[in-house]
Amino acid sequence: MCGIAGVVLRRADPRLGATLQQMGDALAHRGPDGQGFAVAAGGRFVVSSRGADLPAASVGLAHRRLAIIDLSDAAAQPMCDQTGRRAISYNGEVYNYRELKKSHLNGEVLKSESDTEVILRLVAARWTAALDLMTGMFAFAFADLERTKLLLLHDCFGIKPLFYLAEPDRFAFSSEMRPLLTMMQHRPSADPIAVHRFLRHAVTDADERTFVAEIRQLPAGHALELDLDDPTRFRVFAWWQRP
């Protein structure tokens with residue numbers, strides 16, 4: 001498993017890199033093989049292994065890596081495309097990435113042997129239509145500066161966790177709730193429906209509710225599309241339907 005996180009702010013903040021570092025540190029147990037951070041500055045993503053080295057920005061991604069498929073630095077995340085205007089932070093495995101590489105990326109020169117780069121190229125070209133091609137378990141964040149969109153994706157079985165916090169001036173997401181809880185500007189409150197459901201039926205993931213009222217989880221088979229220019233504008237929708 002890996003850990004992913006990120007923040008979208010209403011305006012650029014020089015403290016964003018430190019915030020991303022804090023979120024990554026809280027996910028260190030999910031990825032002992034490395035860490036990476038990326039922020040959008042000057043129309044392109046700037047990537048660093050240290051959050052403190054990043055410039056002021058309003059869009060940022062964090063990643064804690066558990067290296068499995070491609071162990072080289074070429075597969076480090078967040079990973080950007082060749083233009084520097086798209087970046088992905090990804091947790092999971094797409095089982096058919098080799099087949100997709102042959103059938104849909106034939107002739108393209110890739111810098112790694114990872115499934116991450118295949119996903120990056122496919123989503124850059126096809127956006128949500130790429131999801132119908134992929135078989136696996138995954139949760140990922142894809143930031144596209146040309147589309148001015150952030151896309152959060154959850155696999156159809158909901159195997160990889162993905163939580164988000166929506167506030168008036170910022171939107172944040174993470175593989176776990178802990179990084180989001182440390183960011184909250186007020187004391188969190190319990191969601192009575194989620195608590196009752198757990199105590200009565202021992203159910204914890206029936207929908208988007210969590211034990212914390214302010215934090216939601218992206219349901220299985222769903223996507224969240226957010227406007228990078230306005231973190232309060234986003235929509236959640238199902239990209240997969242049960243046959």
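Here is a walk through this predicted model, from its sheets to its cores and a few single residues. Residue numbers start at 1 along each chain as its sequence is written, and side-chain values use heavy atoms, with hydrogens and water left out. Since the model is predicted, local features need pLDDT of at least 70 and side-chain atom pairs count only at pLDDT 80 or more, while totals for chains, interfaces and linings use all residues.

Let's start with the sheets. Strands of a sheet pair through backbone hydrogen bonds, either parallel or antiparallel. Here, helices (H or I, at least four residues) and strands (E, at least two) are DSSP runs, numbered from the N terminus, and two strands pair if DSSP finds at least two bridges between them. Angles here come from axes, which are lines fitted to C-alpha atoms (for helices, over the stretch in contact), and run from 0 to 180 degrees between N-to-C directions. Within the sheet, β9 (residues 163-167) and β10 (residues 170-174) pair in the antiparallel sense over five bridges, and Tyr 164 has Phe 173 in β10 as its bridge partner.

Which residues of α1 are buried? They are Leu 16, Gly 17, Leu 20, Gln 21, Met 23, Gly 24 and Ala 26, where buried means under 20% relative accessible area, exposed over 50%, and partly exposed in between (1.4 Å probe, protein chains only). Their cover includes β1, β2, β4 and β10, along with α4 (178-183); contact means heavy atoms within 4.5 Å.

Now for the other sheet. This open sheet has six strands in the order β5-β6-β7-β8-β12-β13, with antiparallel pairing. The edge strands are β5 (79-80) and β13 (230-238), each with a single partner strand, so one side of each is left without a neighbour in the sheet. Helix α3 (residues 115-126) lies across β5, β6 (86-94), β7 (136-144) and β8, running at about 125 degrees to β6.

Look at β7 in this sheet: eight of its nine residues are buried, so β7 is largely enclosed by the rest of the structure. Nine bridges join β7 to β6, antiparallel, with Ala 87 partnered by Ala 143 in β7. Six bridges join β7 to β8, again antiparallel, and Phe 142 has Leu 151 in β8 as its bridge partner. β7 and β8 form a hairpin with four residues between them, and Thr 148 in the turn has a positive phi of about 50 degrees. On from there, β8 (residues 149-154) runs antiparallel to β12 (residues 222-227), joined by five bridges; Leu 150 has Leu 226 in β12 as its bridge partner.

Next, the cores. A nonpolar core is a set of buried Ala, Val, Leu, Ile, Met, Phe, Trp, Tyr and Cys residues joined through side-chain atoms within 4.5 Å. The largest one has 26 residues, and Ile 88, Val 94, Ile 119, Val 123, Met 134, Phe 140 and Phe 142 touch the most other members. The elements giving two or more residues to this core are β6, α2 (97-104), α3, β7 and β8, and α3 gives the most, with six. Apart from this core lies another, of 23 residues, among them Ala 40, Ala 143, Leu 226 and Leu 228.

Gln 77 is buried, with a relative accessible area of 7%. The side chain of Gln 77 makes polar contacts with the side chains of His 63 (3.4 Å) and Thr 116 (3.3 Å). A polar contact is a pair of N or O atoms within 3.5 Å; within protein, one must be able to donate a hydrogen and the other to accept it, and residues adjacent in sequence count only if both atoms are side-chain atoms.
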